[in-house]
Amino acid sequence: MASSTLEFDLRASIRTIRDYPKPGIMFRDITTLLGNPRAFRRAVDELVQPWAGMKIDKVAGIEARGFILGGAVAHQVSAGFVPIRKKGKLPHTTVRIAYSLEYGLDEMEMHEDAVAPGEKVILVDDLIATGGTAEGAVKLLKGQGAEVLAACFIIDLPELGGAAKIRTLGVPVRTLIEFGGH
């Protein structure tokens, strides 16, 4: 967790939408953060701060908000970018993994040549909740021989246990702010 000033600034830039996509859900919308140049820059800088100065070969982003953040982070650390997408969206030969959703399974994939064995990769997405998507992405990257240095998220919903799930895979987790509840 980052400093209280950072948390206040970022929290103030995130819009909460009640009952989206279904009743009882408090959707944490980062499009307002992305539209705020100061908050966007600060979030990108802070996501990878612990790894500043380390050699990072690739930044992997999970579709779709992870593409926006991951691309900015990759630029910041002079690394390549790896898109991790839903099944059927990538044009070249892919590797695929099933991952858990709240109700059932889905599949994600990346190009089989997106990472080389031993490459140091940071995974980026906007939010971690139950951790099913991030867990699948970590396993996909590790399955291709990547060394996953960290998984970075702007928002953690700690009551849902996703960050702890990723840590059990031996991957440090960096989050910038927490929201209680779902």
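**Burial, contacts and pairing in the model**

Colleague: Why is Gly-70 called buried?
Modeller: Gly-70 has a relative accessible area of 0%. Buried means under 20% relative accessible area, exposed over 50% and partly exposed in between (1.4 Å probe, protein chains only), so the value places Gly-70 in the buried class. This is a predicted model, in which local features need pLDDT of at least 70 and side-chain atom pairs count only at pLDDT 80 or more, while totals for chains, interfaces and linings use all residues. Residues are numbered from 1 along each chain as its sequence is written, and side-chain values use heavy atoms, without hydrogens or water.

Colleague: In which helix does Gly-70 lie, and what is it in contact with?
Modeller: Helix H4, residues 65-76, holds Gly-70. Helices (H or I, at least four residues) and strands (E, at least two) are DSSP runs, numbered from the N terminus. Setting aside neighbours within four places in sequence, Gly-70 is in contact (heavy atoms within 4.5 Å) with Val-59, Phe-81 and Val-124. Between the C-alpha atoms of Gly-70 and Arg-167 there are 20 Å in space, and the two are 97 residues apart in sequence.

Colleague: Why is Arg-174 called buried, although Arg is a charged residue?
Modeller: The relative accessible area of Arg-174 is 12%, so Arg-174 is classed as buried. Its place is in strand S9, residues 173-178, and five of the six residues of S9 are buried. The side chain of Arg-174 reaches the backbone oxygen of Glu-46 at 2.8 Å.

Colleague: What makes strand S8 and S9 a pair?
Modeller: Two strands pair if DSSP finds at least two bridges between them. S8, residues 147-156, and S9 have five bridges and pair in the parallel sense.

Colleague: Why is Ala-164 called partly exposed?
Modeller: Ala-164 has 45% relative accessibility, so it counts as partly exposed. Ala-164 is found in helix H6, residues 162-167. From Ala-164 to Val-44 the C-alpha distance is 22 Å, across 120 residues in sequence.

Colleague: Which peptide bonds are cis?
Modeller: The bond from Tyr-20 to Pro-21 is cis, with omega near 5 degrees, and Pro-21 belongs to the loop between strand S1 (15-18) and S2. The bond from Glu-63 to Ala-64 is cis as well, with omega near 0 degrees, and Ala-64 belongs to the loop between strand S3 (58-62) and H4.

Technical notes:
A polar contact is a pair of N or O atoms within 3.5 Å; within protein, one must be able to donate a hydrogen and the other to accept it, and residues adjacent in sequence count only if both atoms are side-chain atoms.
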